[in-house]
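User: I am new to this structure and would like a close look at a single part of it. Please keep the account plain.

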Amino acid sequence: MSRIPLRACAAGFALLLSAAGLLAAQAQTMSRIGNVNGRADAGKQEYRRYCVGCHGSAGDGLGENAQWIDPKPRDFTTALFKCRSTPTGTLPTDDDLYRSVSRGFVTTNMPSWEPLTRQTRANLVAYIKTFSSRWSQGAGTAISIPAETPATLESILRGREVFQKMECWKCHGPAGHGDGPSASTLTDSKDNPIRPYNFATGSRFKCGETNQDVYRIFMTGLDGTPMPSFADLLQPNDAWDLVHFLRTLQPLPTPEAAIWQAWLPAHASELKPLGPNQGGH
Amino acid sequence: MIDWSVKRRGGCRWVWSSVLVFCGALSVGLVSPAAAIAASGGYANMTAAGRSGNRDHAKWEAYVRAAGGVLHATARFTLAAHKAAGIPAFARKYNLACSACHTGWPELNGFGQRFKDRGYQLGNDRDSPIWVNPSYIPLAIRTTPGWRLERTTHQPVDDGVGGTVEKTITQSGFDISGADILMLGTLYKNITFGFVPTVADGEGVGIEAAFVRFDNLLKSRWANLKIGKFEMDNMLSEKRGMMLSSNGAFYQSYHFVPVGDATTFGLGDNQIGAEWLGHSDNSYTRFSVAVLGGTDGTPGLLEGKSYDGMITASQAFDGGSLGLERIGVFGYTGRRPTVFETSGGAPIPGTGTSNKSFYRIGTVGDLFLGKLEILPFFMHASDRKDLAGGTRDATWNSGILELHYYVSPQLVFTQRSEIIRMSNQSDPATPKTLGNIDALTFGYRLYPIMFSRAGLAMVGELSFTKTIGTVPLSGVGVGIPPASNRTAVRSTSLLLALDFAF
């Protein structure tokens with residue numbers, strides 16, 4: 001076996017490092033949404049047109065309108081994102097960011113940008129990823145969501161118990177109105193006051209509107225906010241039960257709400273109130 | 001919806017379709033030759049005639065009649081190239097920059113189109129006024145000061161011995177447009193209003209738009225009902241046009257009627273009636289059906305007993321890196337009375353009968369090739385012979401090709417070519433070319449500021465028209481057709497302006 005010169009090894013190693021760096025840099029300046037490749041350089045123009053007023057030219061959430069907006073625009077330099085399919089503490093996937101741009105965030109100033117072409121939205125996603133070096137780590141792996149359990153009265157009642165046990169009421173309030181005892185003390189990662197979600201208002205959740213979206217929210221947590229991940233505390237069946245109960249708190253004609261409203265009038269007295277002193281039914 | 005209305009000499013409404021302002025170094029180069037043109041004999045004669053008001057009305061009308069009624073477009077219509085709006089009130093409400101909703105204001109992009117289709121709502125559960133700071137008022141203004149030059153050939157002027165001679169008339173000077181007061185917003189979630197009074201010096205106040213719209217009826221995006229006075233759902237919106245000069249501020253096709261035709265209608269005019277509009281969630285698919293009074297937007301009851309109708313439909317496609325591509329079709333039809341009951345010989349409004357029909361049908365596109373926007377338009381039109389004043393139906397075709405090149409969200413170059421060709425004159429003895437129009441416009445809009453509180457555009461524009469045997473539709477010049485109905489009247493508009501909205 002011939003001896004490999006040290007200089008050649010060093011050169012090869014440097015080449016590998018360069019290639020790895022190049023790939024990382026490319027991953028940071030590209031996005032992949034289905035069969036669409038987004039480009040950060042193209043996204044820069046689009047960002048200037050659509051996003052800079054709130055998120056700022058540096059992506060720090062300090063655009064000229066930020067002072068008037070509540071909740072504040074996302075600071076892309078921290079690479080902390082609420083709506084992810086990935087575990088807490090990890091970066092979202094390109095699809096997560098794409099869905100956020102497309103869907104917008106209800107009850108905030110972030111509109112749905114769905115009328116933009118897929119290419120434009122993919123370009124924006126690519127450009128957003130240039131604001132933080134964290135993206136060189138790569139995105140997390142999306143959590144798996146098991147099949148939904150049947151939405152039954154029993155499931156809803158079990159979910160109510162989970163709501164009590166996990167102390168969701170502390171922030172969201174016993175009725176889900178966002179008025180729990182801790183609500184007034186909450187701040188986000190930038191120390192801005194933040195309100196818990198009020199289930200009684202809004203036509204959908206910030207991170208989606210399906211039951212899968214709700215499941216994903218409390219299994220991944222909303223990074224940058226006090227909403228933690230319950231992935232280590234909840235079994236999938238418990239999580240689905242909680243989803244079914246939360247649906248009864250919304251003023252929407254969901255199947256869960258229909259089941260609940262049919263049952264509740266005759267059985268309200270059987271329920272123990274939710275809150276600091278009681279729980280369960 | 002600024003009333004860049006046409007003003008007729010002697011009568012005398014000056015249309016001012018545009019406004020000019022010095023825009024940096026460009027103005028220096030343009031103003032000097034303009035001043036030289038203005039100092040010509042033609043300009044001196046014109047201003048003298050205008051000052052003395054020496055064309056008494058009866059004589060003027062007789063002249064018009066003798067010329068075959070070719071003036072009728074300017075005599076009967078306010079050829080308003082009203083410009084509507086980028087509306088900073090929305091930008092202030094939602095904290096979005098102009099560029100979010102506009103390719104370059106006032107033209108809407110796909111996002112802005114959906115915002116409008118939703119009844120000026122983002123759909124973020126914060127659209128109702130209850131969520132807005134009580135000090136917020138949904139009010140914006142738009143006006144355009146500037147400098148302009150108008151030059152029109154073959155204009156009949158008095159020769160001093162009782163006759164007339166044709167000369168080239170050149171006018172120039174600083175000017176201001178009328179002002180639009182734009183009030184649009186939500187009365188409540190899913191209840192939208194619009195109220196746009198226009199103010200023009202010496203012409204009082206008009207109402208460009210006034211409507212209420214009920215959005216998402218039966219919780220469906222396909223059911224939105226608007227009642228009042230509003231712009232038709234023209235895909236090629238004249239109210240949101242990028243051009244402002246006298247000859248370029250409006251689409252000739254939207255206001256043209258053949259010489260001698262009595263049809264009172266302009267596709268670009270705001271109409272009074274009710275409109276049913278539907279759209280998909282992203283507004284890629286859109287349609288509208290409207291029932292309209294036959295008054296061409298003038299408040300008041302019908303002259304006869306017939307309503308107009310309009311249908312539009314369009315579909316957009318995701319063109320990938322090219323952009324959003326939209327194609328659409330439209331059709332407008334109406335009838336106008338030709339016989340009236342009279343009182344003392346004067347027609348009694350509302351008694352019109354023997355309605356005769358007219359129609360406009362066409363197709364339009366809004367296509368992107370990256371930074372280049374292409375707006376093709378084709379229309380076929382017909383007026384029944386009883387309206388057209390001859391022995392057979394008048395028919396004509398028109399086409400537009402408009403280009404916008406967006407160097408950046410803050411700079412756009414514009415160009416438009418437009419032709420109108422008569423295919424059938426109502427009077428077979430009339431030259432087939434009478435009324436034909438060629439129009440060409442070049443311009444730019446530079447937006448030095450682009451944020452969510454106000455908008456400013458520096459505008460430069462040069463527009464040419466050639467009309468055969470009749471006056472320019474813009475109304476510039478003395479407003480009288482040339483002696484020969486085969487003469488090509490050439491009109492040039494130059495505009496340097498500051499177009500601002502706050």
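Into which domains is chain A divided?

Analyst: This is a predicted model. Chain A is divided into domain 1, covering 23-137, and domain 2, covering 153-270. Between the C-alpha centres of domain 1 of chain A and domain 2 of chain A there are 27 Å. Where the two domains touch, 17 residues come from domain 1 of chain A and 19 residues from domain 2 of chain A. On the side of domain 1 of chain A that touches domain 2 of chain A, seven residues are nonpolar, five are polar and five are charged.

Next, the elements of the chain. Chain A has 10 helices and two strands. Read from the N terminus on, their order in chain A is α-β-β-α-α-α-α-α-α-α-α-α. Chain A has 281 residues, and buried residues make up 41% of them. Taking the contacts in chain A between residues at least 6 apart in sequence, 63% join residues at least 24 apart.

Chain A also touches another chain. Here 25 residues of chain A are in contact with 26 residues of chain B. On the side of chain A that touches chain B, at least two residues each are supplied by α2 (40-50), α3 (52-55) and α5 (118-128) of chain A. The largest share of that side, three residues, comes from α2(A). By residue class, the side of chain A that touches chain B holds nine nonpolar, 11 polar and five charged residues.

Conventions: Residues are numbered from 1 along each chain as its sequence is written. Chains are lettered from A and ligands numbered from 1 in the order in which they are written. This is a predicted model: local features need pLDDT of at least 70, side-chain atom pairs count only at pLDDT 80 or more; totals for chains, interfaces and linings use all residues. Domain bounds come from an automatic or database domain assignment. Two residues are in contact if their C-beta atoms, placed from the backbone, lie within 7 Å. Ala, Val, Leu, Ile, Met, Phe, Trp, Tyr, Cys and Pro count as nonpolar, Asp, Glu, Lys and Arg as charged, and the others, Gly among them, as polar. Helices (H or I, at least four residues) and strands (E, at least two) are DSSP runs, numbered from the N terminus. A residue is buried if 20 or more other C-beta atoms lie within 10 Å of its own, exposed if 12 or fewer, and partly exposed in between; C-beta atoms are placed from the backbone.
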